[in-house]
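Please view the sequence and the model alongside the text.

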Amino acid sequence: MAYLSLVWNCECAHDCEEAEILLRRLRGESVRWRSIVRQPGLAVFVDSRGLPGIRTVYTLHGSMGVVLGTLFFQSSRSDLPVSPQASLDERSSRTIISTNGQTLFDSYWGAYVAFLHDEGGRRSIVLRDPTGAIPGYYTTSSGVTLFFMRLQDCEWLIPATRRVNRRYLSGRLVYRAVCRRETGIEGISMVLAGERIEQRASRLRHSFGWSPVEIARTGVIDDFAQAVRLTKHAVRNCIRAWASREEGILLFLSGGLDSAIVLACLTGPGPCCRVVCLNHHSAGPASDERDFARHCTALAGVELLEWKRRNKLSLQDLQHLPRAPAPFHWSCDRESAAAEARLAEERGLSAVITGDGGDELVHRTGRYPTVIDYIDRHGLGPRLLDVAVADAQVGGQSIWQLLRAALRYRLAIQRHANSELYRSRNSALFARGIQEEAREDPGLRHPLFHDNPPLAPGKAFQAFHVASNAARGFNPCMPPGYPATVCPLISQPVVELSLRIPLHHQTSGGRDRAAARQAFRDHIPREVALRRTKGGVDGHVGRILMENLDFVRGFLLDGYLVNHGYLDAERLRTALSGEPTRVSLHNAELLEFLDLEAWARSWS
């Protein structure tokens, strides 16, 4: 289900009048919108139709507020098979209110947004969990702030003329990882992951109850054996906690390390629910991982379904995407998504679980050689050569190439501080001036990274990635009836542990994701544990793009990004000619252009 929340200054007559107008509209739709909290200055409603999104309502004692989503108790005890699902009694409710919600960040984890009311302080507080798993947006109109999950709910309640935010779109185009309170639409903002918004009188005050920078600075785990032991406990605990809520699970099993670990945790010892695995494959050695997936399901003793990706796929749906406050990655095969939804319904599978998030959390895609971080912590110690050799093996470099790269990065970081976190793309397809426009935007940076974070560069990049990648798994294009999607590797306990493990432990022995490999080596197939390659869909995507080249060419050349000065028309025409050219355009970059173009057109 979705939510709507109104927050206003209950001591201002004008704001109370405006709030009452909106409340009357919502009461007129009481069949759909159910009131769950009503306090002076705070009202919360949920969509009673039970759409995917908010699955549980945790009402605080005395209607002091509500937590929407899924909530587990934090637990460090290794004897507990899963984190217990939370319940909020009078004592815990009062603790949550008295700490301005900080107790939620410190003593619980899950996927949630929370709306709290402090009667004594005459204020309302809004929180979003550290993983940002549930979308949270807000807009203010006539003294009333409306918090919402889906744009269509906002547009219904507060109709307004919306305009594309040029600053946001420029930054998104040039930097990819843009994480700011502003969204792509003027007047609509985002509650950032781990953020606390407090309304007192008629002002909004922003702070963070959870920071990846602070987590990475405290409780560093320098012992590899301890890192392995804690990784096994945290990952298994979180995966089984999510699964404990479900009747059955549809697991997307690629055959890679992350999804293999998820399957191992779901199926033994003491399996927690029914599991059906689904492998999508296409032609090409990197796109067909069925052999690895078969090894996994044979070991786990569960069913494996193998679906071939469709090569003949029209991109016409890009012209009819739903509006959203910010661009999102379009799911290009809606027929497959609909088939997945039917499969889940027929088999009684209440959730889709994926292994997404593992690469980023354990630095597989890290930009910096981990040897830099090691030197920052330990200096030129006796283990430096071992760390450098392992790092070079993971990166496929010679040790001298690695050390040269480390020196180059170190000098660049000393000169430019945390600007390295925001390194822009140098695409020849950008219109003149668009890169400069994005670079000069002071609001581009995440509030936690305005100043240089007191972390080694690789760890700073990991923390930045955690802060910048919220709401993974939420896609407004999913068909009706699609089950809830859960990414258990992006759970707060796993994220916090990953931030506390030094990056050189993740390349120990010349293997990426070394702590996770070691932790689960006896629970996954040997073929997967020893695997060095990673699958991908680049070849499949390339075939689809070539099949739709005429449409792509017209869609972009006569589109918003060209007509509003974001992309250079002539260079783009050359890149999309289908002929050999010096103007390069990779599939991943072209997909991003299509995502941004489709989103911008939905607003034009």
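## Basis of the model

The model is predicted; local features need pLDDT of at least 70, side-chain atom pairs count only at pLDDT 80 or more, and totals for chains, interfaces and linings use all residues. Residues are numbered from 1 along each chain as its sequence is written, and side-chain values use heavy atoms, with hydrogens and water left out.

## Overall fold

The protein chain contains 24 helices and 17 strands; helices (H or I, at least four residues) and strands (E, at least two) are DSSP runs, numbered from the N terminus. The C-alpha trace spans about 70 × 65 × 55 Å along its principal axes.

For 604 residues, a compact globule would have a radius of gyration near 25 Å, and the value of 24 Å for the protein chain agrees with this. The radius is taken over C-alpha atoms, and the globule rule is 2.2 Å times the number of residues to the power 0.38.

## Sheet S2-S3-S1-S9-S8-S10

This open sheet has six strands in the order S2-S3-S1-S9-S8-S10, with antiparallel pairing; two strands pair if DSSP finds at least two bridges between them. Its edge strands, S2 (33-39) and S10 (189-190), each pair on one side only. S2 runs antiparallel to S3 (residues 42-47), and six bridges join them. Within this pair, Ser35 stands opposite Phe45 in S3.

Helix H1 (residues 13-27) packs on the sheet, touching S1 (3-8), S2, S3 and S9 (144-148). Contact means heavy atoms within 4.5 Å. The direction of H1 makes about 160° with that of S1; axes are lines fitted to C-alpha atoms, for helices over the stretch in contact, and angles run from 0 to 180 degrees between N-to-C directions.

## Sheet S4-S5-S6-S7-S11-S12

Another open sheet of six strands has the order S4-S5-S6-S7-S11-S12, again with antiparallel pairing. S4 (56-59) and S12 (203-208) stand at the edges with a single partner strand each, so one side of each lacks a neighbour in the sheet. On average, neighbouring strands are turned by 30° against each other, direction ignored.

Nine bridges join the antiparallel strands S5 (residues 65-73) and S6 (residues 108-118). Gly65 has Leu116 as its bridge partner in S6.

## Helices H5 and H24

The axes of H5 (residues 166-175) and H24 (residues 587-602) come within 10 Å and cross at roughly 165°. H5 is therefore roughly antiparallel to H24 (angles over 145 degrees count as such). Leu169, Arg172 and Leu173 in H5 meet Phe593, Leu596 and Trp599 in H24.

Technical notes: Angles under 35 degrees count as roughly parallel, over 145 as roughly antiparallel, 65 to 115 as roughly perpendicular and the rest as oblique.
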